[in-house]
Structure formats: C-alpha cells, structure tokens
Amino acid sequence: MSVHPVLKLVAQRIALGILLLWAASALLFAMTEALPGDAAQAVLGQSATPEALANLRHEMGLDRPALTRYFEWLGGALHGDLGRSLTNKVDIAEAIGKRLGNTLFLAFWAALMSVPLAVFLGLVAVRYRDRWPDKLISAVTLTTISIPEFLIGYVMVYFVAVKLGLFSPLALINDGMSLGEKLSAIALPVVVLTLVVLAHMMRMTRAAILNVMQSAYIETAELKGLTRFEIIARHAFPNAISPIVNVIMLNLAYLVVGVVVVEVVFVYPGMGQYLVDHVTKRDVPVVLACGVIFAAIYIGLNLVADIVSILANPRLRHPK
C-alpha cells in the first residue's frame, strides 16, 4: 500500500527536525566545552588554588570525559530529566518552567500586536502600491529592521521611560501582579519586538500578494468589474496564504528564540536572561537545556510552517 505524499513529507520533516535538535545539542555542548575555564573556575574565581579547583571539579563531575558527560545529559533529557545546575544545584526543569512561561508570555503579546499589524500593513501597501502609503510603510519598516534591537530598546528606555515617564524601564514581573500591571511592565519590550519583526512580515506579505496579483485569474476578476480591494481580499490574499504563513512562523520563532537581547536590555526574568546568566558561569547543563528548548521551539514552528505549505498545495493533497 502506497503512503500518501502528504504523510510521507510530514514524516520526513519530523525526522529531520529530531535530527536537527540532536545536532543543535551536540554543537552547543562542543562550543561550551571549547570556551576557556569551566564552572568550577567561574565559582571559585581566578585566585583559586589548584587543589580547590580539582576538588570542586570532582564534586561537579567535570573531571570525567566530555563525551561521557554529554551522553549522560542526553540520556536524562530523553527521559525528561534536564539535570541540576552545576553552580547552585537547583533542578533545571523547575527553574526553566517559570522562565519559559515568562518568555512565552512576552512573545505572545508581541505576536498579538505584530502579526495582525504586519498583514494589515502588507494589504494596505498592495492596495496603494507605488503611492505614498506604500512608500511610507516601506520606509518606516526598512528603518526599524536596519537598527539593532538593543539600540531600539535603549532609545525607548531613554525617551519613553526616562524622559516621558510613561512606562517602567525595567520589565520586572511576578505572580502577584495583575494582568494589567504585567502588560504595563512589558509594554516597552513588546513594542521593541514588534518593530523588529514587523518589517519582515509586512514586506513578505506585500511581495506574496503582488506575486499572486500577476496571475491570469486576477485579470479575469478585474474584467468582471470587481474593485481592487475585493480582488485582494477574495482572490489574491487566500492564494498567497502559504508564503505568508511561512514568514509569520519564522518570525514567531524569532519572537521566542530571539528575545535574549531584549530580555537582557529590559532585565526581564525570562529564558534569555537565564541563559546569559549561566553562560557567564559556564554552567553547561543549563546552557544545553536552554539551547535545546529554544531549538525545539524554532524547529517546531518551522515544521508547522512546512506542514501548512504542504497542505496548502493542492497538487500534494490530490495526487493523480
């Protein structure tokens, strides 16, 4: 019995995703091991005696071969055990749980602002192609995508938080805060993330719709007397949905994975800040756990985009 092409492609994508996830974990471990010093050195400092370093390395298990430590961690991770932090002995899965929730909270509100706005601006740009709304939208979005997010963040902190006093310069949230208080605290990082991903999504939406607008059936719709807005909404946009979904998924992945810089700028208690703190401490199990979770989210959202593209292709859905 032959396997349906869609199921075959989806199975291939899932297998490739698992392989990429393993490769990401191995690469992260190798890169962390290649750095000078280790967690014992980071804890004891430069003035530590060789005896003290040797004792602490033995206690942390750092005196064992690197491959042994990696495969021990991998075996535990496959069973849901991410191990304990080398520096403070805290259970990594428990520590990451709340941090990941905070990062997803920030990414969710940034996505809620950026995705509808990007699609709307893309549609407006197509509707007024080569006229002032299109040129203005393109100029503003190109400007924001050209500026690093940390610079946008510091500019927002200086002018909006310090000069105007509208929002807090530090995005500190806790469980005791109401939703309104949390949203007020994360307002600036959400705006920064929105500005960073908006341009790419908007321009890809515009390009995808303009590509469809050159099709023969669009000309037929024009000859029927449909308005430009009706043609875009009823014919062009639905047929351009596959590349638009692809670029939205890529940017959603960036919102979760790429928040590291923004979290550090605004001292936000998320995964990015947690990862940076433990990279400086050379805490390999924590770095590996954070890196693999980020990689899994990125690969997972790309997988969703691939599957949507496959399902949106009628030649794959209905093979001869």
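**Stop 1: a cluster of rings**

Select Phe 29, Tyr 70 and Phe 71: ring pairs link these residues into a cluster. Rings of Phe, Tyr and Trp (its six-membered ring) pair if their centres lie within 6.5 Å; planes under 30 degrees apart count as stacked, over 60 as edge-to-face and the rest as tilted. What you have open is a predicted model, where local features need pLDDT of at least 70 and side-chain atom pairs count only at pLDDT 80 or more, while totals for chains, interfaces and linings use all residues. Residues are numbered from 1 along each chain as its sequence is written, and side-chain values use heavy atoms, leaving out hydrogens and water.

How many aromatic pairs does a search of the whole structure find? There are five. Keep Phe 29 and Tyr 70 on screen: their ring centres are 5.3 Å apart and their planes are at 45°, so this pair is tilted. Now colour helix α1 (residues 5-34), which holds Phe 29, and helix α4 (residues 66-78), which holds Tyr 70; the pair therefore ties together parts that are 41 residues apart in sequence. Helices here (H or I, at least four residues) and strands (E, at least two) are DSSP runs, numbered from the N terminus.

Phe 29 counts as buried because its relative accessibility is 8%, and Tyr 70 counts as buried at 4%.

**Stop 2**

Next, select Phe 105 and Trp 109. This aromatic pair is edge-to-face, with 6.3 Å from centre to centre and 70° between the planes. Both residues lie in helix α5, four residues apart, which is about one turn of the helix. Phe 105 is buried, with a relative accessible area of 19%, whereas Trp 109 has 22% and is partly exposed.

**Stop 2: the nonpolar cores**

A nonpolar core is a set of buried Ala, Val, Leu, Ile, Met, Phe, Trp, Tyr and Cys residues joined through side-chain atoms within 4.5 Å. The largest one has 79 residues, and those with the most contacts inside it are Ile 96, Ile 209 and Phe 266. Which helix gives the most to this core? Colour helix α5 (residues 92-127), which supplies 15 residues. A second, separate core has six residues, among them Ala 40, Leu 53, Met 60 and Leu 86.

Zoom in on Phe 266 and show what surrounds it. Contact means heavy atoms within 4.5 Å. Leaving aside neighbours within four places in sequence, Phe 266 is in contact with Gly 153, Val 157, Pro 169, Leu 170, Ala 171, Leu 188, Pro 189 and Val 192.

**Stop 3: helix α14 and what covers it**

Select residues 271-280 to see helix α14, whose buried residues are Met 271, Gly 272, Gln 273, Tyr 274, Leu 275 and His 278. The cover over these residues includes α5, α13 (260-265) and α15 (284-311). After α14 comes Arg 282, whose phi is positive, near 60°.

In helix α15, pick Gly 291. Gly 291 counts as buried, at 13% relative accessibility.

**Stop 4: a serine in helix α6**

Move to helix α6 (residues 132-146), where you will find Ser 138. Ser 138 counts as buried at 12% relative accessibility. Not counting residues up to four places away in sequence, Ser 138 touches Met 202 and Arg 203.

**Stop 5**

Val 155 has its place in α7 and is partly exposed, with a relative accessible area of 40%.

**Last stop: zoom out**

What does the secondary structure of the protein chain come to? The chain has 16 helices and zero strands. Its C-alpha atoms fill a box of roughly 85 × 70 × 35 Å, taken along the principal axes. Of the 320 residues in the chain, 41% are buried.

Key: Buried < 20%, exposed > 50% of the residue type's maximum accessible area, 1.4 Å probe, protein only.
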